[in-house]
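Colleague: Please take me through this model, one region at a time.

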Amino acid sequence: MTRRAARRFSHLLFWLIFSTNLSVISVAFLAGCADNNRPNPKNPVTVTIWHTYVENMRDAFDTLVQEFNNSVGAENGVTVKVTSITDAPIINEQLIAIANNDPGAPEPPDMAVVYPQVAAALAGRGAIADLEPYFTQDELDTFVPQFIEEGRLGTERLYLVPIAKSAEVLFVNQTLFDRFSDASGIDIGILSTFEGIAEAAGAYYEWTDAMTPDVPGDGKMFYFTEGLFNHSMIGYQQLGADIVDGNRLNLGDPVYKRIWDCYFAPAVKGGNIIYSGWSNYLAATGDVVCAIATSAGASFYPASVTYADNTKEDVFFEVLPYPVYEGGEKVVFQRGGGICVFGSEPAREYAACLFLKWFTEAEQNLRFCANTGYMPVRVAAFDDITSGMFPAIDNPMVEKALTVVAAMQKDYRFYFPPVFDGFDSLQTQYADALRKSAQEGRDEYVRLSEAMGGPAAFEAINDEAMEDIIKRFS
């Protein structure tokens, strides 16, 4: 029997048990999975995995796989073999082809690293296994609750086991900020709220503009956020609302104006940069003082800045917790995928879960996350970070990022977005529309300011621009 045929037979058996509600048979079946069908050194099983990790994460992953094979794997007759390493879009396409039984689709792996949207598509096609039976409640309770909940994909089953997550944090060029602070008296504590960031962005633009009085309107930008949709989505959460209503955006909520005001006004007036790339590029040129980005990007932040005139300066970056709207709840967006297991025979699913349990234990998981900025997934690992008990980290920015996210894990609620068809497209459309609106507003503001002054120019632009965005997504 081929792997694909075995997987189909397993699915048929599961749905037969489930649909006929034969609880006695179900218990016996799961007991068989737990005992008679477990792999062992005399009856070994090799399970395959596809992943997308590159560079240092790939090296860390491969090292841990080998360690598992030589220790717990060998003791239990389980070998893990990496059979595909490629970009996420390619893996996603191949996995969907497998789930659809497309002609020419490759044989399915036992495990694959995927994000929730793809996992949901695979689960909807009956391709991946419910892993809940292979974990005790005590084992599940050792994970950060929101990480496990996201892996349920809105169901009561567990389709995706988290192995590494990231959260958004605020990266600050402390060298540039200190100069600004010395001149303006603005303390770094102002960056703890989005309202404070908007205020600082306006003050920074005016301060830098005044440096060249003979060249008006050449102030410098202060702030950037990589995820414009995340900025709005988490803002809603912090202020007690949901940006998504069904499969549409709820931009008519009064909360939206607060979010709009903190982004659009400083963008139009020159304090926020309007940009669609990665924040570390801006950090390397000194084009912004601070930026919100994923903690997993910490290793890409530079130790020096090369300015537009080709001068270079060593700088010091700090990492701060994710900002919160004034009076809002501490909420931050959790990013990252997990590992799903393709349905097959119980012994293979058991073997895959044995590896997942070992890999996510604090010691192994922290070693995988070290030098990347990714967060571990178990509470004990966060406790280790807080206590300073983590592996040696070569990059000081990564160490700062991990320390900050560990503190946030104690104080913040990690939020994950809903999963539905079209969600990825919806957030892309929103971000593109908001950037376009801000750029058009900026251009119009510069033009009108010459004739009517800045305040009047902004007033003429702001309300109509916000109404247009709301109507577009209503």
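**Working through the model**

Modeller: Just after helix H16, Gly388 takes a positive phi of about 80°. Helices (H or I, at least four residues) and strands (E, at least two) are DSSP runs, numbered from the N terminus. This is a predicted model, in which local features need pLDDT of at least 70 and side-chain atom pairs count only at pLDDT 80 or more, while totals for chains, interfaces and linings use all residues. Residues are numbered from 1 along each chain as its sequence is written, and side-chain values use heavy atoms, with hydrogens and water left out.

Colleague: Which residues of H16 are buried?

Modeller: In H16 (residues 379-386), the buried residues are Ala381, Phe382 and Ile385. They lie on the same side of H16, because they cover an arc of only 100° around the axis, taken from the directions from the axis to the C-beta atoms. Buried means under 20% relative accessible area, exposed over 50%, and partly exposed in between (1.4 Å probe, protein chains only).

Colleague: And what covers them?

Modeller: The cover includes helices H8 (145-150), H15 (362-369) and H17 (396-411), judged by contact, meaning heavy atoms within 4.5 Å.

Colleague: Changing topic, in what order do the strands of the open sheet run?

Modeller: The order of the 5 strands is E2-E1-E3-E14-E4, with mixed pairing. Strands E2 (78-85) and E4 (161-162) are at the edges with a single partner strand each, so one side of each has no neighbour in the sheet. Two strands pair if DSSP finds at least two bridges between them.

Colleague: How many bridges join E1 to E3?

Modeller: There are 2 bridges between E1 (residues 45-51) and E3 (residues 111-114), and these strands run parallel. Trp50 has Ala112 in E3 as its bridge partner.

Colleague: Which strands does helix H3 lie across?

Modeller: H3 (residues 55-70) lies across E1 and E2, at about 155° to E2. Helix H5 (residues 88-99) also packs on the sheet, where it touches E1 and E3, and its direction makes about 130° with that of E1. Axes are lines fitted to C-alpha atoms, for helices over the stretch in contact, and angles run from 0 to 180 degrees between N-to-C directions.

Colleague: What about the core; how many residues has the largest one?

Modeller: The largest nonpolar core has 143 residues, and Leu191 and Phe222 are among those with the most contacts inside it. Another core, of 20 residues, lies apart from it and includes Ile91 and Phe342. Such a core is a set of buried Ala, Val, Leu, Ile, Met, Phe, Trp, Tyr and Cys residues joined through side-chain atoms within 4.5 Å.

Colleague: How many aromatic pairs are there?

Modeller: The structure holds 30. Tyr204 and Trp207 make a tilted one, at 5.9 Å centre to centre and 50° between the planes. Rings of Phe, Tyr and Trp (its six-membered ring) pair if their centres lie within 6.5 Å; planes under 30 degrees apart count as stacked, over 60 as edge-to-face and the rest as tilted.

Colleague: Lastly, what does Ala351 touch?

Modeller: Not counting residues up to four places away in sequence, Ala351 touches Pro39, Val45, Val47 and Val78. Ala351 belongs to helix H14 (residues 346-360) and is buried at 0% relative accessibility.
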